[in-house]
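Here is a short briefing on a structure, arranged by topic for reading beside the model.

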Amino acid sequence: MKFRIGAMLLVMLGMSQFAFAANERQFQWPGKIRAAVSLSYDDALNSHLDQVIPALDKYRLKGSFYLTLSNPSVATRMSEWRAAAQRGHELGNHTLFHQCSAALPGREWVQPKNDLDRTSADQLKDQILLANTMLHAIDGKRERTFTVPCGDQQAGGVNYVEMLKSDFVAIKARAGSGVTADMMALDPFGRIPLSTS
Ligand SMILES: [Zn+2]
């Protein structure tokens, strides 16, 4: 797969762990924590199993691995992904087939069968929910996060990410990195307003 987001560093994310100070609308991390860093890796690459996870384990860090379920590493190395999850790494949903829009500049690599413009939002949602079932079979978890392949939110001209909000606890809608300036204003379903993308 030519499109690789690779490692992304998202500082001060951790949606399920935040707490609020009593009687004031001010965000506080638990205890004396001043910030959180999220390390995420997309596409279920062999290098994640061979290099990234051993390095994270060495330093007792946890990563989030967004699996494209059709990637051969899932079928051939499933026990290793399962073991990583058992050691505390997160397995996230990155769709079955990593469809992206072929119409955008620089997208000559997108195969017609994986053209997001030719996939309906309803079809894609069904595939993504099936991916959740497959991930449950690997790690046993029901609570899941999702990362949007290529940052493309339109399937067949319809915003499919809007249709997934009830199925995920958080969605990363655009590739990139940066610091969340205001945790109180953080949208757990994307760092950009979904309605304008
Ligand atoms: Zn990807």
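A nonpolar core is a set of buried Ala, Val, Leu, Ile, Met, Phe, Trp, Tyr and Cys residues joined through side-chain atoms within 4.5 Å, where buried means under 20% relative accessible area, exposed over 50% and partly exposed in between (1.4 Å probe, protein chains only). This is a predicted model, in which local features need pLDDT of at least 70 and side-chain atom pairs count only at pLDDT 80 or more, while totals for chains, interfaces and linings use all residues. Residues are numbered from 1 along each chain as its sequence is written, and side-chain values use heavy atoms, with hydrogens and water left out.

**Nonpolar cores**
- The largest nonpolar core has 19 residues, of which Phe 65, Leu 67, Leu 69, Val 74, Trp 81 and Leu 91 touch the most other members.
- At least two residues of this core come from each of β4 (37–42), α1 (46–58), β5 (64–67), α3 (78–86) and α4 (121–139), these being DSSP runs numbered from the N terminus (helices H or I, at least four residues; strands E, at least two).
- With four residues, α1 gives the most to this core.
- Another core, of 14 residues, lies apart from it and includes Ala 155, Val 161, Ile 171 and Phe 189.

**Zinc site**
- The zinc ion has as its protein donors Asp 43 (OD), His 94 (NE2) and His 98 (NE2), lying 2.1 Å from it; donors are N, O and S atoms within 2.8 Å of the metal (3.2 Å for Na, K and Ca), and because water is not among the atoms, sites may look incomplete.
- Asp 43 lies in the loop between β4 and α1 and His 98 in the loop between β6 (90–93) and α4, so the pair ties together parts that are 55 residues apart in sequence.
- Asp 43 counts as buried because its relative accessibility is 0%, and His 98 is also buried, at a relative accessible area of 3%.
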